[in-house]
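This report goes through a protein model part by part, beginning with a single side chain and moving on to the chains and the contact between them. Please keep the sequence and the structure in view while reading.

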Amino acid sequence: MSLFKGLKHWFLDPQFARKKQFLRSLEIFQDLNNNELGRLVQALHARTYRPGEVIFEEGDIGRALFILESGKVDLTRRGPGGETLPLYTVKPGEWFGEMALLESLPRSATAAATETSRLHLLYRTKLEALLQAEPRIGVTIMGHLARLLSTRLRRATGAFTASAARD
Amino acid sequence: MTESRRSGSAPFLTVFIVAGAALYAFYLVREALTPFLLAAAFAYVVDPAVVYFEAKGLRRSHLVVMGYLIALLIGYGAYAGLKTLIVDESERLSANAPIYLSQIQKFVVVQQSKLTRRLPLPPKVAEHALDSVVGSGLERLQSVPSDILGLLPLLAHGLLVPFIGFFFLLDGPGGFERLIQTAPSRYVEQAIHLMGEIDTSLGNYLRGILIVAAAIGLASFLGLLALGVDNAFAISVLSGVSSFVPYLGVAIGIVVGGGMAWYQFGTISAFFKVCLLFFGIRLADEILLQPIIARHSVHLHPMVFLLSLILGAEMFGFLGLVFAIPAACILKALIQVGWSWYASESGLQSFAANGESIPYT
């Protein structure tokens, strides 16, 4: 038994297991099984951004979802007078830029690393390839995105209605 | 504080100039780079097998070593099983090659004189016209052995390609990950987009053509063996290898295999049996393999297809024929991605979706 364990340990890739563990901890991928998470790890591209480095800029055409593994990323938007308006600070385990998976629209905000940050990119064409090869992975991700989009839209509608009622 | 990344328009021109210069440099040193190119193609085709097991959490290095050991065992087993056949056949072929050539020449001369009599032209004119056609054909036929010898340096890469391919396989996607890490952050998404497009079209084409070549080679070997045609192994290898050029494998199988059967059995029906065999193989390829292969492969216009093959053969010979279509796939992906960037960034692409005016309920 210990020989089997030793062999298994010798054959298994600890880095790959760590990446899978990280993905499993994210809500968007929680419904995926071990093999599907393995396929997803292979579809992601990792990159480390230096502090101050811009990940994408408002107006750029979005083509990828970004998942933050470590570090911090600031999302900002340009105000009417050209000033920078802070929107949100992304923390490890959170993701952003997800709308690029649905449509190639200009980004609505600028994302910049505020400290050394490790990000995983899920590119739209990779997701489309996964949708064909492993439909369950694609459906799971798309289902989460649809729910997220719906929640945000309800919140925005509520805020708009409240604002209109105040006026 | 964020670093500034906007530097005017996207540097498409710079990219194309650099790519053009790199291609020209590659063309100049193509002889030295041939084994590396073949090894890269080999690793690229084999990689999905490694990726399949890697997705289960296994170490890439161990998988590659294991894969090589298993391939070595299978290769040795196949060689041991086919050794007698291969040795016998090559000895018989080298002994009979001059006889085959002289028989073909005799046959051509007889057919030429028959045709001269039948052509509705003055005998002198018909004879002169046929002489020039047949003469160049025979000249080409006599140069076939030296042409085949010209491919021998490629066989010398037989050991070098898997050796270099081993390191390509060990590295896996590492090279691309390093490229992403060093690329300016503004172009990371574009780089992944481009690589994704190239991978989709190139991978499907290369793997598809490899499956077709192996299937045609194996089916023709078994078929020729069943028909009792001499040199079945050599003909099937020739047919399989030439299948890298679309339709050429079956055509060569019919001409060489049919000719061999006709010569061996002395009847035209033997030739037609081989023709039927290769038509059957072509049909099976069309019905069984092509629907699977063509589902995700690139759709090149037939003229582009033909032009790529001619240009490839003209510039790089046999290797050019093999890599012409993959190169066209890469070029097509570059153009598609370039256009997609240009269209989306310049506002040519519409983002409107149907039903956007219906309230959210």
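Why does B:W262 count as partly exposed? The model examined here is a predicted one, and in it B:W262 has a relative accessibility of 33%.

On the surface, B:W262 belongs to a nonpolar patch, which it forms with B:F107, B:I268 and B:F272. Together these residues present about 380 Å² of accessible area.

## The interface of chains A and B

The size of an interface is often given as the accessible area lost when the parts come together. For chain B and chain A this buried area is about 3,500 Å², with 49% of it on carbon and sulfur atoms. On the side of chain B, the elements that contribute two or more residues are α2 (30-54), α3 (60-118), α7 (174-182), α8 (188-227) and α12 (302-345). Of these, α8(B) supplies the largest share of the side that touches chain A, namely six residues.

Counted by residues, 35 of chain B are in contact with 47 of chain A. Nine residue pairs are in polar contact across the interface, with both residues of each pair at pLDDT 80 or more, whereas the number of salt bridges between chain B and chain A is zero.

## Chain A as a whole

Chain A contains five helices and eight strands, and from the N terminus its elements follow the order α-α-α-β-β-β-β-β-β-β-β-α-α. Among the contacts in chain A with a separation of 6 or more, 70% are accounted for by residues 24 or more positions apart.

Of the 167 residues in chain A, 43% are buried. The accessible surface of chain A amounts to about 8,800 Å², and carbon and sulfur atoms hold 57% of that surface.

## A glutamate in strand β3 of chain A

A:E69 is located in strand β3 of chain A, which runs over residues 64-70. When neighbours within four places in sequence are left aside, the residues in contact with A:E69 are A:R18, A:F22, A:P92, A:R118 and A:H120. With A:H120, the side chain of A:E69 makes a side-chain to side-chain polar contact of 2.7 Å.

Key. Residues numbered from 1 in each chain as written. Chains lettered and ligands numbered in written order. Heavy atoms only, no water. Patch = residues over 30% accessible without salt bridge, like charges linked within 9 Å, V, L, I, M, F, W, Y side chains within 5 Å. Areas by Shrake-Rupley, 256 points an atom, 1.4 Å probe, with all protein chains shown as cover. Salt bridge = Lys/Arg side-chain N within 4 Å of Asp/Glu carboxyl O. Buried < 20%, exposed > 50% of the residue type's maximum accessible area, 1.4 Å probe, protein only. Contact = heavy atoms within 4.5 Å. Buried area = accessible area lost by both parts, 1.4 Å probe. Polar contact = N/O pair within 3.5 Å; in protein donor to acceptor, adjacent residues only side chain to side chain. Helix = DSSP H or I, 4+ residues; strand = E, 2+ residues; numbered from the N terminus.
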